[in-house]
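Subject: Handing over a structure, with notes

Dear colleague,

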Amino acid sequence: MIDKNGHLWITTNDTEKFDIANGIWACDTKGPGKGLTKRFLKVPIGAEACSPVLTTDQQTMFCAIQHPGEGSDFNNPST
């Protein structure tokens, strides 16, 4: 997703291969921070973030968290 200010928002899937939890990352597309990603949201291990949407005033983000707790149970949580 690209917001009204030109920031690129990236969702990840399958980053656990690199020991990094999935989530949502933000990236400037111009200026001195161009290309530098910053984590905005971290999801539980085994889950993935999908479909980020900003409200028109860009003050609130909604996203779907798919299959949180996959591979876990109450006696053996993964996160």
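Predicted model: local features only at pLDDT ≥ 70, side-chain atom pairs only at ≥ 80, totals over all residues.

Residues are numbered from 1 along each chain as its sequence is written, and side-chain values use heavy atoms, with hydrogens and water left out.

The chain as a whole

The protein chain has zero helices and five strands, and its elements follow one another from the N terminus as β-β-β-β-β; here helices (H or I, at least four residues) and strands (E, at least two) are DSSP runs, numbered from the N terminus. The C-alpha trace spans about 45 × 25 × 15 Å along its principal axes. Of the 79 residues, 27% count as buried, where buried means under 20% relative accessible area, exposed means over 50%, and partly exposed lies in between (1.4 Å probe, protein chains only). The chain exposes about 5,600 Å², of which carbon and sulfur atoms supply 56%; these accessible areas come from the Shrake-Rupley method with a 1.4 Å probe, and for residues only the protein chains shown count as cover.

Contact in these notes means heavy atoms within 4.5 Å. Among contacts between residues at least 6 apart in sequence, 30% join residues at least 24 apart.

The core

Which residues make up the largest nonpolar core? There are eight of them, namely Trp9, Ile24, Ala26, Val43, Ala47, Ala49, Leu54 and Met61, and the elements that give two or more residues to this core are β2 and β4 (48–54). A nonpolar core is a set of buried Ala, Val, Leu, Ile, Met, Phe, Trp, Tyr and Cys residues joined through side-chain atoms within 4.5 Å. Leaving aside neighbours within four places in sequence, Ile24 is in contact with a list of residues that includes Trp9, Phe40, Leu41, Ala49, Pro52, Met61 and Cys63.

Thr12

Thr12 is placed in the loop between β1 (8–11) and β2 (23–27), and Thr12 counts as buried because its relative accessibility is 15%. Its side chain makes a polar contact with the side chain of Asn22 at 3.2 Å and also reaches the backbone nitrogen of Gly23 at 2.9 Å. A polar contact is a pair of N or O atoms within 3.5 Å; within protein, one must be able to donate a hydrogen and the other to accept it, and residues adjacent in sequence count only if both atoms are side-chain atoms. When neighbours within four places in sequence are left aside, Thr12 is in contact with Asn22, Gly23, Trp25, Glu48 and Ala49.

Ser51 has its place in strand β4 and is exposed, with a relative accessible area of 54%. Although Ser51 is not a glycine, it has a positive phi of about 55 degrees. Not counting residues up to four places away in sequence, Ser51 touches Phe62 and Cys63, and the C-alpha atoms of Ser51 and Phe62, eleven residues apart along the chain, are separated by 8.0 Å.

Ala64 lies in strand β5 (residues 61–66), where its relative accessible area of 34% makes Ala64 partly exposed. With residues up to four places away in sequence not counted, Ala64 touches Glu48, Ala49 and Cys50. The C-alpha atoms of Ala64 and Trp9 are 55 residues apart along the chain and are separated by 14 Å.

Two loop residues

Gln58, in the loop between β4 and β5, is partly exposed at a relative accessible area of 22%, and Gln58 has a positive phi of about 60 degrees although it is not a glycine.

Is Lys34, in its loop, buried or exposed? Lys34, whose place is between β2 and β3 (37–42), is exposed, with a relative accessible area of 59%. Lys34 touches Asp28 and Thr29, not counting residues up to four places away in sequence, whereas Lys34 and Thr56, which are 22 residues apart in sequence, are 24 Å apart in space, C-alpha to C-alpha.

With kind regards
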